[in-house]
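Here are my notes on the model, for you to read beside the coordinates. They go from the whole chain down to single residues.

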Amino acid sequence: MQELHMSENKASMLYTYMAITSFISRHLFCKLGDYRYFNRFHLYQGGMTVSGLCVLCLPAARSFVTIATLFMGFGLMEGAMMGQFPLLVLECVGKHKVNQAWGYIMLSTGVSVGIGPPLAGLMADKLGSYTASFYTAGAILIAGASITSLMAFVKQHPEESDETKSDEELLVTEKLTVL
């Protein structure tokens, strides 16, 4: 397989393109998520799947334009994922457990960000190419999107709404102050 060589300026522009598309898509997808006919979960899951496909296609790219298109596609979908992610966490665990959930998410993200690049480098050293690393990363993103679809089958226990709790607390406070 022939490698594509590009200048440092062109390579740095790839990240600029990705950052710009991510910035725009975060605003766009957050706005779309506010409309009730767009399901936040499906926006997140679709973004994760398309991001994985973009990463899977990178080893096959043979021109700067193709690579730039894949980077911009990844940036667009990264914005879709990250724009919905905090809201989905809040929706899944509720406001009373969101701090703990966010802590676990940041722990697992930190571990994967810490382990991923050295593992990709080790794979490249052993296999002689980063191709397998890209395929692995893309497959992990797509598998993650697939696994999240199992959430629909998890039984949600209805908890007391926060409004009811605050009304009860207020009612108790009122009784105490009257006496």
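1. Contact here means heavy atoms within 4.5 Å. With that cut-off, Gln-45 touches Ala-145, Thr-148 and Ser-149, leaving aside residues up to four places away in sequence. Gln-45 itself sits in helix α2, which covers residues 40-57. Is Gln-45 buried or exposed? Its relative accessibility is 15%. The limit for buried is under 20%, so Gln-45 counts as buried.

2. Keep in mind that this is a predicted model. The protein chain has 6 helices and 0 strands. Read from the N terminus, the order of elements is α-α-α-α-α-α.

3. The protein chain has 179 residues, and buried residues make up 27% of them.

4. UniProt, in an unreviewed entry, places the feature "transmembrane region" at residues 12-29, 41-61, 101-120 and 132-154. Two of these spans can be set against the model. Residues 12-29 are 100% helix and 0% strand, with end C-alpha atoms 26 Å apart. Residues 101-120 are also 100% helix and 0% strand. There the end C-alpha atoms lie 28 Å apart.

5. Next, the pair α2 and α3. Their axes come within 8 Å and cross at roughly 150°. Angles over 145 degrees count as roughly antiparallel, so α2 is roughly antiparallel to α3. The crossing is left-handed.

6. Which residues make the contact of α2 with α3? From α2 the list includes Arg-40, Phe-41, Tyr-44, Met-48 and Cys-57. From α3 it includes Leu-70, Phe-74, Glu-78, Gln-84 and Leu-88. By class, the contact has 16 nonpolar, 5 polar and 2 charged residues.

7. The pair α3 and α4 is next. Helix α3 spans residues 64-93 and helix α4 residues 98-127. Their axes come within 9 Å and cross at roughly 130°. That angle makes α3 oblique to α4. The crossing of α3 and α4 is right-handed.

8. The contact draws on Phe-85, Pro-86, Val-89, Leu-90 and Val-93 of α3. On the α4 side are Val-98, Ala-101, Trp-102 and Ile-105. How many residues of this contact are nonpolar, polar or charged? The contact of α3 with α4 has 9 nonpolar, no polar and no charged residues. Note that Phe-85 is listed here, and that Phe-85 is also among the α3 residues that meet α2.

9. Two single residues deserve a look. Ala-19 is in helix α1, residues 8-34. Its relative accessible area is 45%, so Ala-19 is partly exposed. Ala-19 and Glu-78 are 59 residues apart in sequence, yet their C-alpha atoms are 9.6 Å apart. Glu-78 is also one of the α3 residues that meet α2.

10. At 44% relative accessibility, Leu-119 counts as partly exposed. The C-alpha atoms of Leu-119 and Ser-133 are separated by 8.3 Å. Along the chain, these two are 14 residues apart.

Conventions:
Residues are numbered from 1 along each chain as its sequence is written. This is a predicted model: local features need pLDDT of at least 70, side-chain atom pairs count only at pLDDT 80 or more; totals for chains, interfaces and linings use all residues. Side-chain values use heavy atoms; hydrogens and water are left out. UniProt positions are given in the numbering used here, feature names are shortened, and annotations may be inferred rather than shown by experiment. Helices (H or I, at least four residues) and strands (E, at least two) are DSSP runs, numbered from the N terminus. Buried means under 20% relative accessible area, exposed over 50%, partly exposed in between (1.4 Å probe, protein chains only). Axes are lines fitted to C-alpha atoms, for helices over the stretch in contact, and angles run from 0 to 180 degrees between N-to-C directions. Angles under 35 degrees count as roughly parallel, over 145 as roughly antiparallel, 65 to 115 as roughly perpendicular and the rest as oblique. A crossing is left-handed if the near helix is turned anticlockwise from the far one by less than a right angle, and right-handed if clockwise. Ala, Val, Leu, Ile, Met, Phe, Trp, Tyr, Cys and Pro count as nonpolar, Asp, Glu, Lys and Arg as charged, and the others, Gly among them, as polar.
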